[in-house]
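This briefing walks through one protein chain, topic by topic, for a reader who has the sequence and the coordinates at hand. Please look over the structure before reading on.

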Amino acid sequence: MPLRELNATAANFRGTLTSGKWTLCIGAGVSRGIVPTWDELTRRLVNDTFSTSFKVDEFKKECGEVGWSLDSWIQACANHFLLTKRTLGDFYELIETHLYSELRAKARKHRIEDTLLAVLDKPHTCSRRDVSAVCSFFESEYADTSLISVAKSLLLASSKGRLPDAVISFNADTLLHTLIDLYQRRDHYAGPPPHGHPAFAFKTVLRPIETTSRDVVPIYHCHGAIKPRASRAKKAPLDSRDRLVFLESEYIRVATTSSSWAETLFMFHAQTTRMLCIGFSMSDPNMRRWLALSNLSAIQDVSAFAKTTEITPRHIWVTTSPALASHKAIRNESLVHLGVRPGWINGWADVPAMFKNLLSL
């Protein structure tokens, strides 16, 4: 089967996602530079839980020698909490602490930590002054991150009628939706009056019982989400930390439970829309299994009337182009069985250009 390379910013691929419905899938890489990476978060949890002092290189070496996945290390930390008469709730608080520690520290330097925490919990209810302050904070500290690029690109897509059918987030943080709402409010206030709330384009969905209106794009947190709070004395924010798929036991539950919310949600969009995946290494075993099943179904449907089993992969994995041609060939062909092909960009600064090109903005 000939596999056409997809250069995500090239003119001949302009409008690739405009012929039908599409879904945006975001992974941990989108929040890189704002919250810790998976590797770094795991290292910090292990050091804090077991009073170890693994440095970055030391922990990487230890992981390689032991051969455990990162969720197995996090499971070890959770097990320790339970064996020492603490609760999973206590452990989720530790995850919350390390997940947002650097973001909170930077906000503290800007003297807006409490404001930031209130906004992260309920971005719709904060004042116009707080909207401006938090937007300025993110743009001064994180202007070059993929998160801001994705948020602004989605707002541009909204203005052009090119919104996705849904956003499926595998991240524990809800930063993307917060930034989208803040930027939408700031732009609205800069326009002519009246200056009430704008018509918000997105809504965070944390649990399967939650619903959205037909005019709002859901941002599904299929692996759960955790929000920060100002102090332990204050009421906990409304999140879904009890559904957080960080532990090995949770990965096993999702993998072995028939028709879990995460699986049915992902499978529906994989089978009925084109997916644009950004911020992923494409190593998550559950995600690969779901994509493989979806692709098998698509091949079966095509072969029923076209008498062929060869189809161009429908879904796009946004990733940087390797320097070596041989490495590029491997990645270009490695996900065909999942119905996925890379959408090459030169660097992460190309994310806005990628959205503009593929969505013909």
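Predicted model: local features only at pLDDT ≥ 70, side-chain atom pairs only at ≥ 80, totals over all residues.

## Sheet, cores and charged pairs

The chain holds an open sheet of 8 strands, paired in parallel and ordered S1-S8-S7-S6-S2-S3-S5-S4. Strand S1 (6-7) and S4 stand at its edges with a single partner strand each, so one side of each is left without a neighbour in the sheet.

- Helix H13 (residues 351-358) lies across S1, S2, S6, S7 and S8, and it runs at about 175° to S6.

**Nonpolar cores**

- The largest nonpolar core has 75 residues, and those with the most contacts inside it are Leu-24, Phe-91, Leu-103, Phe-138, Leu-276 and Met-354.
- Helix H4 (residues 88-109) gives the most to this core, contributing 8 residues.
- Which residues does Phe-138 touch, not counting those up to four places away in sequence? They are Leu-103, Leu-116, Ala-143, Ile-148, Leu-175, Leu-179 and Tyr-183.
- As general background, nonpolar side chains in soluble globular proteins tend to be buried together.

**Helix H5 and its buried side**

- The buried residues of helix H5 (residues 113-121) are Glu-113, Leu-116, Leu-117, Val-119 and Leu-120.
- These residues cover an arc of only 165° around the axis, which puts them on the same side of H5.
- The buried residues of H5 pack against H4, H6 and helix H8 (175-190).

**Salt bridges**

- Glu-113, one of the buried residues of H5, meets Arg-104 in a salt bridge between their side chains, at 2.8 Å from N to O. Arg-104 is buried, with a relative accessible area of 17%, and Glu-113 is buried too, with a relative accessible area of 14%.
- The side chains of Lys-106 and Glu-141 also meet in a salt bridge, at 3.7 Å from N to O. This pair links distant parts of the chain, with Lys-106 in helix H4 and Glu-141 in helix H6 (residues 128-141), 35 residues apart.
- Are Lys-106 and Glu-141 buried, partly exposed or exposed? Lys-106 is partly exposed, with a relative accessible area of 30%, and Glu-141 is partly exposed, with a relative accessible area of 32%.
- Asp-242 forms a salt bridge with Arg-207, in which the closest N and O atoms are 2.7 Å apart. Distant parts of the chain are linked by this pair, with Asp-242 in the loop between strand S5 (217-221) and helix H9 (248-256), and Arg-207 in the loop between strand S4 (202-205) and S5, 35 residues apart.
- Both partners are partly exposed: Asp-242 has a relative accessible area of 45%, and Arg-207 has one of 25%.
- Beyond these pairs, a network of salt bridges links Glu-40, Arg-43, Arg-44 and Glu-102.

**Two individual residues**

- Thr-174 lies in the loop between strand S3 (166-169) and H8. Its relative accessible area is 5%, and because buried means under 20%, Thr-174 counts as buried.
- Leaving aside neighbours within four places in sequence, Thr-174 is in contact with Tyr-100, Leu-120, His-221, Ala-225 and Lys-227.
- Pro-285 belongs to helix H11 (residues 285-306). With a relative accessibility of 55%, Pro-285 counts as exposed, because the cut-off for exposed is over 50%.
- Pro-285 and Tyr-251 are 34 residues apart in sequence, while in space they are 9.1 Å apart, C-alpha to C-alpha.

Terms used. Residues numbered from 1 in each chain as written. Heavy atoms only, no water. Core = buried A, V, L, I, M, F, W, Y, C linked by side-chain atoms within 4.5 Å. Buried < 20%, exposed > 50% of the residue type's maximum accessible area, 1.4 Å probe, protein only. Helix = DSSP H or I, 4+ residues; strand = E, 2+ residues; numbered from the N terminus. Contact = heavy atoms within 4.5 Å. Salt bridge = Lys/Arg side-chain N within 4 Å of Asp/Glu carboxyl O. Arc of directions from axis to C-beta. Pairing = 2+ DSSP bridges. Axes fitted to C-alpha atoms, helices over the stretch in contact; angles between N-to-C directions.
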